[in-house]
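Here is a briefing for a first look at this protein. Keep the sequence and the 3D view open while you read.

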Amino acid sequence: MDKPQRKPPRGPAPLEADYLELYQEYVQGLRPGANSNYMGFCPIHGETPGKSKPSLSVNSESGLWYCFAGCGGGNARTFLKELGEKRSTIDRKIENLPKSAPGSRRRVKSQEKDETKVLPEKLLGVFDFCPTALLREGFDEDLLLDHDIGYDRKLRRVTFPVRNQLEELVGIVGRRTEKSEYGKYKVYTRELLEYGLTVTSFSKTNYLWREDRALSEELPDLYVVEGFKAALWFVQSGIENVVALMGSHMSELQQKKLVESGRRILLCLDNDVAGQRATIKISNQLATSRRFVIPLPEGIHQPDDLTEGELRTLCEKPITISKAKRQWQISL
Ligand SMILES: [Zn+2]
């Protein structure tokens, strides 16, 4: 192919989709994270879906990429070079794209760090005590360890680390263990000052709990629950493709992540009027996705009130939202 004709000057706002389209051509399983970052399977070192977690981060706005498995990083041009594309092919593919920022490994990394306010992993050591309350409720110790669930002795709260899709620690949420209507959950911000950390920007509505795990797995279904314990109980029951909203509301960003996952969404919120109303609302918000409801039986308030076997059986029978509405009519 000869040199194509020069295009007229482009407008001031580059199309965000441009780089995404380019990367989609080469990268399998691209899924959106925060701030125009996407994670996918790195074709440079030949990552295949199902065999490992995706290591490649690309930014749809700047066109920069970074492979966490050691391939390095750069701009779209260096990416295509790494894949052995011919000079002429690269020129053709890059020509119409917005100018990429100068691409270096350091730049991509620092950008992410700044934007997501990543917390040091060693912080978890502070809460490295066994949450015995959860053990008493029947949760496996290994499962709790695997999710870095800890205990804050000072504030007497079970601590749940929140991670972004790159598996980086971005926040800590403490859950009260004693029965109390007041302050069941606490998003740690000022509490972390004591450990020399300032966390001013963390909002749990920007994340789905377990998005680092459940969004990177290649499974057709995605279960959505309200709380940490509900999600943990799903995992303990052998259903690992589950995320928690960390509440009964779905934020716009959470909605975006769920919709863009392309999965069939299975809603299993708490079995009370608030949970039922939330289910209907969320179902409406997810109108563009295939979504179903896992209705909890009467007398069961949340998934962890069931046995593992009961939960597995229940999950085999999702129902439509209209059927759920009919079932709930009495209480709505
Ligand atoms: Zn790689």
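**Strands, sheets and a helix pair**

Arg157 stands opposite Arg176 in E8. This is a predicted model, in which local features need pLDDT of at least 70, side-chain atom pairs count only at pLDDT 80 or more, and totals for chains, interfaces and linings use all residues. Residues are numbered from 1 along each chain as its sequence is written.

**The whole protein**

- The protein has twelve helices and 13 strands. Helices (H or I, at least four residues) and strands (E, at least two) are DSSP runs, numbered from the N terminus.
- Buried residues make up 37% of the 332 residues. A residue is buried if 20 or more other C-beta atoms lie within 10 Å of its own, exposed if 12 or fewer, and partly exposed in between, with C-beta atoms placed from the backbone.
- Of the contacts with a separation of 6 or more, 58% come from residues 24 or more positions apart. Two residues are in contact if their C-beta atoms, placed from the backbone, lie within 7 Å.

- Strand E6 (residues 150-152) runs antiparallel to E7, and three bridges join them. Two strands pair if DSSP finds at least two bridges between them.
- Tyr151 has Val158 in E7 as its bridge partner.
- The hairpin of E6 and E7 has four residues between the strands, and Arg156 there takes a positive phi near 50°.
- Strand E7 (residues 157-163) is joined to E8 by seven bridges, and the two run antiparallel.
- E7 and E8 also form a hairpin, with five residues between them. Glu167 in the turn has a positive phi of about 70°.
- Strand E8 (residues 169-176) is mostly covered, with six of its eight residues buried.
- E8 pairs in turn with strand E9 (residues 185-187), in the antiparallel sense and over three bridges. Gly174 has Lys186 in E9 as its bridge partner.

**Inside E7**

- Seven of the seven residues of E7 are buried, so this strand is largely enclosed by the rest of the structure.
- In a regular strand the side chains alternate between the two faces of the sheet.
- Both faces of E7 are covered. Arg157, Thr159, Pro161 and Arg163 are buried on one side, and Val158, Phe160 and Val162 on the other.
- How many C-beta neighbours does Val162 have inside 10 Å? There are 25, so Val162 counts as buried.
- Val162 lies in strand E7, and its bridge partner in E8 is Gly171.
- Leaving aside neighbours within four places in sequence, Val162 is in contact with Val170, Gly171, Val173, Lys204, Tyr207 and Trp209.
- Asp212 is 50 residues from Val162 in sequence, and 9.2 Å away in space, C-alpha to C-alpha.

**The five-stranded sheet**

- Five strands form an open sheet in the order E1-E2-E3-E4-E5, with antiparallel pairing.
- Strand E1 (28-32) and strand E5 (72-74) stand at the edges, each with a single partner strand, so one side of each has no neighbour in the sheet.
- From one strand to the next, the twist averages 15°. Axes are lines fitted to C-alpha atoms, for helices over the stretch in contact, and angles run from 0 to 180 degrees between N-to-C directions.
- Three bridges join E1 to strand E2 (residues 37-41), and these strands run antiparallel. Gln28 has Phe41 in E2 as its bridge partner.

**The four-stranded sheet**

- Four strands make an open sheet in the order E11-E10-E12-E13, and the pairing is parallel.
- Its edges are strand E11 (242-244) and strand E13 (291-293), each with a single partner strand, so one side of each is left without a neighbour in the sheet.
- Neighbouring strands of this sheet are turned by 25° against each other on average, direction ignored.
- Strand E10 (residues 221-225) is joined to E11 by three bridges, and the two run parallel. Val224 stands opposite Val243 in E11.
- Helix H8 (residues 228-236) packs on the sheet and touches E10 and E11. The direction of H8 makes about 170° with that of E11.

**A helix pair**

- Helix H10 (residues 273-285) and helix H12 (residues 321-328) pack at an angle of about 155°, with their axes 11 Å apart.
- Gln276, Thr279, Ile280 and Ser283 in H10 meet Ile321, Ala324, Lys325 and Trp328 in H12.
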